[in-house]
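Dear colleague,

Here is the structure that I promised to hand over to you. Please keep it open while you read the notes below.

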Amino acid sequence: MTEQKKPASFSVLPKIINGGIAGIIGVTCVFPMDLVKTRLQNQQILPNGEKMYSSIIDCFRKTIAQDGFFGMYRGSAVNIILVTPEKAIKLAANDYFRYHLSTPQGKLPLHMAGIAGGLAGLFQIVVTTPMELLKIQMQDAGRIASADRAAGREVHKLTALSVAKQLVKENGIFGLYKGVKATGVRDVLFSVIYFPMMATINDAGPRKTDNSGEAVFYWSLLAGLSAGMTSAFLCTPFDVIKTRLQAIKKIEGEKEFEGFFDCVSKTMKYEGPTAFFKGGLCRIMVIAPMFGIAQMVYFTGMGERILGMERKKTV
């Protein structure tokens with residue numbers, strides 16, 4: 001058996017293309033569940049003890065009844081546009097750092113795999129923060145509109161462009177980075193857990209028969225699903241904090257938050273520790289298939305095919 005060596009070079013462009021395509025396909029498949037997750041995480045128990053949604057199914061039912069089936073894709077346009085660079089950065093950066101942190105024999109110790117994943121998560125927040133901020137306003141708009149109608153108030157139409165313009169007008173470009181600290185904590189921690197776990201599971205599976213050394217497609221799907229499920233659950237508290245900090249409009253009676261620690265303190269005080277796992281099942285049902293699908297698509301090497309380049313096995 002010949003000694004394994006890492007490739008002599010690393011091509012970034014095909015990895016970026018692979019990541020962009022993978023992100024679009026993955027997000028399109030799971031967006032309705034992501035909308036439900038956002039609404040469940042943002043709803044607070046009002047002073048009278050009422051909640052708008054009692055469960056995942058109840059949220060689906062009420063959203064479709066109010067906005068129709070396509071209401072489940074509210075905010076998807078901005079998400080799909082921005083998820084292309086976001087997933088391109090995340091997946092390509094992880095491979096890039098894995099390549100440069102590996103030994104000449106192509107081996108990558110677990111702690112180095114964690115560092116590579118963490119750096120990928122850190123790089124992605126440049127795009128993730130404004131994408132999530134705009135997406136959350138659009139996804140939560142239906143919940144706010146329902147409360148306004150019930151109270152007899154005028155309902156204003158909301159668009160991603162109008163939200164972006166208002167944020168930039170009030171706070172400059174940094175207005176689009178509301179909640180960046182919480183986003184950074186969530187994404188770095190997620191990537192530190194996800195990428196090493198996914199690679200370990202993927203490396204343990206059956207290989208393709210074309211001598212490429214790559215896992216068969218269904219194993220890559222399973223690796224992404226398993227790692228995504230675990231990472232999503234462990235990072236849910238930070239996702240709840242991020243989502244609440246980024247929700248600009250609140251229903252009357254819901255609390256405002258001054259920052260990361262104020263959100264943690266008030267949520268714990270008024271709703272208890274279980275509030276940090278609101279939408280947790282939804283989040284798992286979003287992240288696990290999204291990353292499973294995205295990882296499977298990423299490994300198909302569509303970017304190399306588009307560019308007419310030879311595919312090389314990554315570390």
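The chain has an average pLDDT of 86, and 95% of its residues score at least 70, where pLDDT is the predictor's confidence in each residue, on a scale from 0 to 100. This is a predicted model, in which local features need a pLDDT of at least 70 and side-chain atom pairs count only at pLDDT 80 or more, while totals for chains, interfaces and linings use all residues. Residues are numbered from 1 along each chain as its sequence is written, and side-chain values use heavy atoms, with hydrogens and water left out.

Among the elements of the chain, the lowest mean pLDDT, 84, belongs to helix α10 (residues 302–307), and the highest, 94, to helix α6 (residues 180–203). Helices (H or I, at least four residues) and strands (E, at least two) are DSSP runs, numbered from the N terminus.

Let me turn to the helix packing. Helix α4 (residues 110–150) packs against helix α5 (residues 160–171) at an angle of about 125 degrees, with the axes 9 Å apart; axes are lines fitted to C-alpha atoms, for helices over the stretch in contact, and angles run from 0 to 180 degrees between N-to-C directions. The two helices α4 and α5 are therefore oblique to each other, given that angles under 35 degrees count as roughly parallel, over 145 as roughly antiparallel, 65 to 115 as roughly perpendicular and the rest as oblique. In this pair, L133, L134, Q137 and M138 of α4 meet A160, V163, A164 and L167 of α5, contact meaning heavy atoms within 4.5 Å. The contact of α4 with α5 has 7 nonpolar, 1 polar and no charged residues, where Ala, Val, Leu, Ile, Met, Phe, Trp, Tyr, Cys and Pro count as nonpolar, Asp, Glu, Lys and Arg as charged, and the others, Gly among them, as polar.

The axes of α6 and α7 come within 8 Å and cross at roughly 170 degrees, which makes α6 roughly antiparallel to α7. The residues of that contact divide into 18 nonpolar, 9 polar and 3 charged.

Finally, a search of the whole structure finds 18 salt bridges, each being a side-chain nitrogen of Lys or Arg within 4 Å of a carboxyl oxygen of Asp or Glu. One of them joins K242 to E132, with the closest N and O atoms 2.8 Å apart. This pair links distant parts of the chain, since K242 lies in helix α7 (residues 217–246) and E132 in helix α4, 110 residues apart.

With best wishes
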